[in-house]
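Notebook open. I went through the model residue by residue and wrote down what I looked up.

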Amino acid sequence: MKLVFPTELHELAVNDFYDEIQNDKTHIIGFNGFDNYRSWLSHMRNRLSGINLPEYMVRESYYLCFEKEKLIGVFSLKHTLNDYLFQFGGHVGYAVRPSERGKGYATKILSLGLMEAEKLGVAKVLAVCSKQNLSSARVIVKNGGVLENEIWDPEEKEMIQRYWIAAK
């Protein structure tokens, strides 16, 4: 498996990925809210560079996760944490397309993402998930996550678990 930054060459793979997850009930950050791939790609580049970001956003590396030629999932890594991310969002986000779930891909994606975190100088990574998301909690723990605490998210109206993981 490899992590790559999205480019113009990935348009079909990204559209196919987001088409598959469109009706999935799992919350995912990504293509939603964009009219077309070019605007999405421009936003991803801005997130990486930190240019033209709203005040509430921080620099972020967004990766496509390929197994051979198939886009299996996505991974995002925030370079820093603001107050909201420190409480509820964390450094990382990841998703696996529904047809590929349950095959260990999320664990591998997070593992590779932790290596990217180390390259960026993020020694301790905050990973958060809903207390109801047992699959995500297992992925985090398999990657060395240690539960610090649980806090109530008043916006999402759910309990959030906050884990710290040493970058690899």
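I started with Ser61. Its relative accessible area is 2%, so I logged Ser61 as buried (buried means under 20%, exposed over 50%, partly exposed in between, with a 1.4 Å probe and protein chains only). Ser61 sits in strand E2, which covers residues 60-67. Helices (H or I, at least four residues) and strands (E, at least two) are DSSP runs, numbered from the N terminus.

A note on the source: this is a predicted model, where local features need pLDDT of at least 70, side-chain atom pairs count only at pLDDT 80 or more, and totals for chains, interfaces and linings use all residues. Residues are numbered from 1 along each chain as its sequence is written, and side-chain values use heavy atoms, with hydrogens and water left out.

**Ser61, continued.** Which side chain does the side chain of Ser61 meet in a polar contact? I found His79, at 2.8 Å. (A polar contact is a pair of N or O atoms within 3.5 Å; within protein, one must be able to donate a hydrogen and the other to accept it, and residues adjacent in sequence count only if both atoms are side-chain atoms.) I then listed the contacts of Ser61, meaning heavy atoms within 4.5 Å. Leaving out residues up to four places away in sequence, Ser61 touches Phe5, Leu48, Phe75, Ser76, Leu77, His79 and Leu120. Phe75 is 14 residues from Ser61 along the chain, and their C-alpha atoms are 8.2 Å apart.

**Cys65.** I stayed in E2, where Cys65 also lies. Cys65 has a relative accessible area of 0%, so it is buried. Beyond its neighbours within four places in sequence, I count among its contacts Met1, Lys2 and Leu3, the run from Lys70 through Leu71, Ile72, Gly73 and Val74 to Phe75, and also Ile109. Val4 is 61 residues away in sequence, yet its C-alpha lies 6.6 Å from that of Cys65.

**Glu100.** Next I checked the loop between strand E4 (92-96) and helix H4 (105-119), where Glu100 is placed. Is Glu100 buried or exposed? Its relative accessibility is 9%, so Glu100 counts as buried. The side chain of Glu100 has a polar contact with the side chain of Lys103, at 2.9 Å. Setting aside residues up to four places away, Glu100 touches Lys70, Ile72 and Tyr105. Lys70 and Ile72 are also on the contact list of Cys65.

**H4 and H5.** I then looked at how H4 packs with helix H5 (residues 134-142). Their axes come within 9 Å and cross at roughly 45 degrees. Therefore H4 is oblique to H5. Axes are lines fitted to C-alpha atoms, for helices over the stretch in contact, and angles run from 0 to 180 degrees between N-to-C directions. Angles under 35 degrees count as roughly parallel, over 145 as roughly antiparallel, 65 to 115 as roughly perpendicular and the rest as oblique. From H4, Ala106, Thr107 and Leu110 meet Val139, Ile140 and Lys142 of H5. By class, I logged four nonpolar, one polar and one charged residues in this contact. (Ala, Val, Leu, Ile, Met, Phe, Trp, Tyr, Cys and Pro count as nonpolar, Asp, Glu, Lys and Arg as charged, and the others, Gly among them, as polar.)

**Positive phi.** Last, I looked at backbone angles. Asn52 is not a glycine, but its phi is positive, about 60 degrees. Asn52 is in the loop between helix H2 (37-49) and E2, and is exposed at 66% relative accessible area. Lys157, also not a glycine, has a positive phi of about 55 degrees. Lys157 lies in the loop between strand E6 (146-153) and strand E7 (158-166), and is exposed at 62%.
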